[in-house]
Amino acid sequence: MTVTSWNRLAGTSVLLDGFHALKHAVRFGAEVPMAVAVDRQAALALAEELAPDVRDALDALLTEVPESTYTSLVARPHPTAVAALAVRPSRAANLEKLAHTPRSAPVVVLDNPRNLGNAGAVIRLAAGFGATGVVTTGTLDPWHPTVVRGGAGLHFATAVERLAVDELPPGPLFALDPEGDDIRGSKLPDDAVLAFGSERSGLSAELRARSDHLVSLPMHPQVSSYNLATSVAMTLYHWSLSGGTCGAAFGA
Ligand SMILES: C[S@@+](CC[C@H](N)C(=O)[O-])C[C@H]1O[C@@H](n2cnc3c(N)ncnc32)[C@H](O)[C@@H]1O
């Protein structure tokens with residue numbers, strides 16, 4: 001029975017909310033024990049059009065359910081009326097990926113982020129740039145359903161974990177702050193740990209104390225700061241331009 005099995009798994013699984021989250025999770029190797037759609041043929045047609053690489057996997061996974069069943073399984077129905085449950089990667093596996101050296105792409109650290117949507121957007125950026133992982137400090141759960149929704153299921157394309165500042169992965173720590181040295185004068189190495197402060201209060205004293213370099217993004221002097229996710233975007237873009245091994249990853 002779909003509802004009973006779903007409810008049994010839901011408490012310990014990652015909710016994939018919508019077609020795109022399911023598509024990305026499957027593409028990046030997530031284990032998906034259950035997937036439902038209100039219109040299975042429409043979901044497969046979407047896969048044929050947008051993601052033929054995962055069409056057969058979705059065909060094997062998706063169970064059609066009545067709309068009333070679907071809406072009872074999810075808190076906020078998604079326009080694609082597709083939902084799935086995935087197994088969360090183990091903390092041990094993520095910690096191993098984050099600690100692995102030599103590293104070919106930076107780790108992004110969000111120091112005590114507050115906004116779930118920002119965290120999701122950053123995970124999506126990290127996946128797009130092939131970053132090694134996204135680490136959060138503080139109380140926000142980076143696997144919260146709203147973060148997974150914001151990340152479009154791309155948590156499975158990178159290593160996402162919550163750690164204390166004294167547990168951060170090895171590598172030169174570049175902390176981003178409007179008071180730092182202009183980032184355009186720095187080359188960000190592939191093994192960099194790139195740290196960004198909280199939306200409310202910026203970088204914590206603990207993280208500042210551990211940083212090797214304080215760098216800033218160019219900004220008009222009358223503007224106080226950029227949004228957290230846009231700051232991560234500019235910084236990863238700067239890394240992607242500055243050479244290292246990342247050029248090959250982008251087909252350059
Ligand atoms: C919304 S801002 C934090 C604003 C906060 N009120 C403060 O006191 O810093 C979030 C984070 O984005 C990054 N950021 C924003 N604008 C930046 C800039 N011009 N240069 C470097 N980092 C920036 C920093 O890491 C900052 O801590």
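## Terms and model

Two strands pair if DSSP finds at least two bridges between them. Helices (H or I, at least four residues) and strands (E, at least two) are DSSP runs, numbered from the N terminus. Residue numbers start from 1 along each chain as its sequence is written. The model is predicted: local features need pLDDT of at least 70, side-chain atom pairs count only at pLDDT 80 or more, and totals for chains, interfaces and linings use all residues.

Domain 1 puts 13 residues into the contact, and domain 2 puts in nine residues. Here, contact means that the C-beta atoms of two residues, placed from the backbone, lie within 7 Å.

On the side of domain 1 that touches domain 2, strand 1 (13-17) and helix 2 (19-27) are the elements that give two or more residues. Helix 2 has the largest share, six residues. By class, this side of domain 1 has eight nonpolar, three polar and two charged residues. Ala, Val, Leu, Ile, Met, Phe, Trp, Tyr, Cys and Pro count as nonpolar; Asp, Glu, Lys and Arg count as charged; the others, Gly among them, count as polar.

## The annotated span

An unreviewed UniProt entry places "domain: tRNA/rRNA methyltransferase SpoU type" at residues 107-237. UniProt positions follow the numbering used here, feature names are shortened, and annotations may be inferred rather than shown by experiment. The span 107-237 is 27% helix and 24% strand. Its end C-alpha atoms lie 14 Å apart.

## Parallel strands

Strand 5 (residues 107-111) and strand 9 run parallel, joined by four bridges. Within that pairing, Val-108 has Leu-194 as its bridge partner. Strand 5 also pairs with strand 6, in the parallel sense, over five bridges. There, Val-108 stands opposite Val-134. Strand 8 is joined to strand 9 by four bridges, and these two also run parallel. Leu-176 stands opposite Phe-196 of strand 9.

In a regular strand the side chains alternate between the two faces of the sheet. In strand 9 (residues 193-196), Val-193 and Ala-195 point one way, while Leu-194 and Phe-196 point the other way. All four are buried. A residue is buried if 20 or more other C-beta atoms lie within 10 Å of its own, exposed if 12 or fewer, and partly exposed in between, with C-beta atoms placed from the backbone. Strand 6 (residues 133-137) has five of its five residues buried, so the rest of the structure largely encloses it. Gly-133, Val-135 and Thr-137 lie on one side of strand 6, with Val-134 and Thr-136 on the other.

## Around the ligand

The shell around the ligand holds 17 residues. Leu-176, Gly-197, Gly-202, Ser-225 and Ser-231 come nearest. A residue is near a molecule or strand if its C-beta atom, placed from the backbone, lies within 6 Å of it. Strand 8 (173-182) and helix 10 (228-241) are the elements that give two or more residues to this shell. Strand 8 gives the most, three residues. The shell divides into eight nonpolar, seven polar and two charged residues.

## Backbone exceptions

Most residues other than glycine have a negative phi, and most peptide bonds are trans. Thr-101 and Pro-102 are joined by a cis peptide bond, with omega about -5°. Pro-102 sits in the loop between helix 6 (91-99) and strand 5.

Ala-81 is not a glycine, yet its phi is positive, about 50°. Its place is the loop between helix 5 (67-73) and strand 4 (82-87). Ala-81 has 19 C-beta neighbours inside 10 Å, so it counts as partly exposed. Asn-112, also not a glycine, has a positive phi of about 55°. Asn-112 lies in the loop between strand 5 and helix 7 (116-128). With 20 C-beta neighbours inside 10 Å, Asn-112 counts as buried.

## Ser-216

Ser-216 belongs to strand 10 (residues 213-216). It is partly exposed, because 16 other C-beta atoms lie within 10 Å. Leaving out residues up to four places away in sequence, Ser-216 touches Asp-177, Pro-178, Glu-179, Gly-180, Asp-181, Asp-182 and Ile-183. Ala-175 is 41 residues from Ser-216 along the chain, and their C-alpha atoms are separated by 8.5 Å.
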